[in-house]
Amino acid sequence: MSERWVSTPAAAGLRGRRNIDTEPEILLRRALHAAGARFRLRRTLAAGCNPDLVR
């Protein structure tokens with residue numbers, strides 16, 4: 001018998017949450033760019049490895 005997925009109240013809060021281009025992420029990117037750092041966004045390095053910033 002397979003298990004069924006059961007939604008919880010905590011899942012409802014996470015479902016609509018923004019996961020890219022959040023305010024703290026944008027502030028960090030602006031600060032890094034102003035300091036002279038150059039980077040790429042959301043590059044795939046390996047299967048399942050997608051960091052937000054890559055130098």
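Read from the N terminus, the elements of this protein run α-α-β-β. That makes 2 helices and 2 strands. Both kinds of element are DSSP runs, numbered from the N terminus: helices are H or I with at least four residues, and strands are E with at least two. The model is predicted, so local features need pLDDT of at least 70 and side-chain atom pairs count only at pLDDT 80 or more, while totals for chains, interfaces and linings use all residues. Residues are numbered from 1 along each chain as its sequence is written, and side-chain values use heavy atoms, with hydrogens and water left out.

Start with the overall form. The C-alpha atoms fill a box of roughly 55 × 25 × 10 Å, taken along the principal axes. The radius of gyration of the protein is 17 Å, whereas a compact globule of 55 residues would have one near 10 Å. This radius is taken over C-alpha atoms, and the globule rule is 2.2 Å times the number of residues to the power 0.38.

Next, look at cover. Buried residues make up 5% of the 55 residues. Buried means under 20% relative accessible area, exposed means over 50%, and partly exposed lies in between (1.4 Å probe, protein chains only). The accessible surface comes to about 5300 Å², and 55% of that belongs to carbon and sulfur atoms. These areas come from the Shrake-Rupley method with a 1.4 Å probe; for residues, only the protein chains shown count as cover.

Contacts come next. Take the contacts with a separation of 6 or more: residues 24 or more positions apart account for 9% of them. Contact means heavy atoms within 4.5 Å.

Now turn to charge. The protein has 11 positive and 5 negative charges, and their mean positions are 6 Å apart. Lys and Arg count as positive, Asp and Glu as negative; His and the chain ends are not counted. Each charge is placed at NZ of Lys, CZ of Arg, CG of Asp or CD of Glu.

Some of these charges pair up. The count comes to 4 salt bridges. A salt bridge is a side-chain nitrogen of Lys or Arg within 4 Å of a carboxyl oxygen of Asp or Glu. D21, E25, R29 and R42 are linked in a network of such bridges.

The side chains of D21 and R29 meet at 3.0 Å, N to O. D21 counts as partly exposed because its relative accessibility is 24%. D21 also meets R42, at 3.6 Å. This pair links distant parts of the chain, 21 residues apart: D21 is in the loop between α1 (9-15) and α2 (23-34), and R42 is in the loop between β1 (40-41) and β2 (53-54). R42 is partly exposed, at 30%.

R42 has another partner, E25, at 3.4 Å. E25 lies in helix α2 and R42 in the loop between β1 and β2, so the pair ties together parts that are 17 residues apart in sequence. E25 is buried, since its relative accessible area is 10%.

Finish with R29. R29 lies in helix α2. Its relative accessibility is 16%, so R29 counts as buried. What does R29 contact, leaving aside its neighbours within four places in sequence? The residues are D21, F39, L41, R42 and L53.
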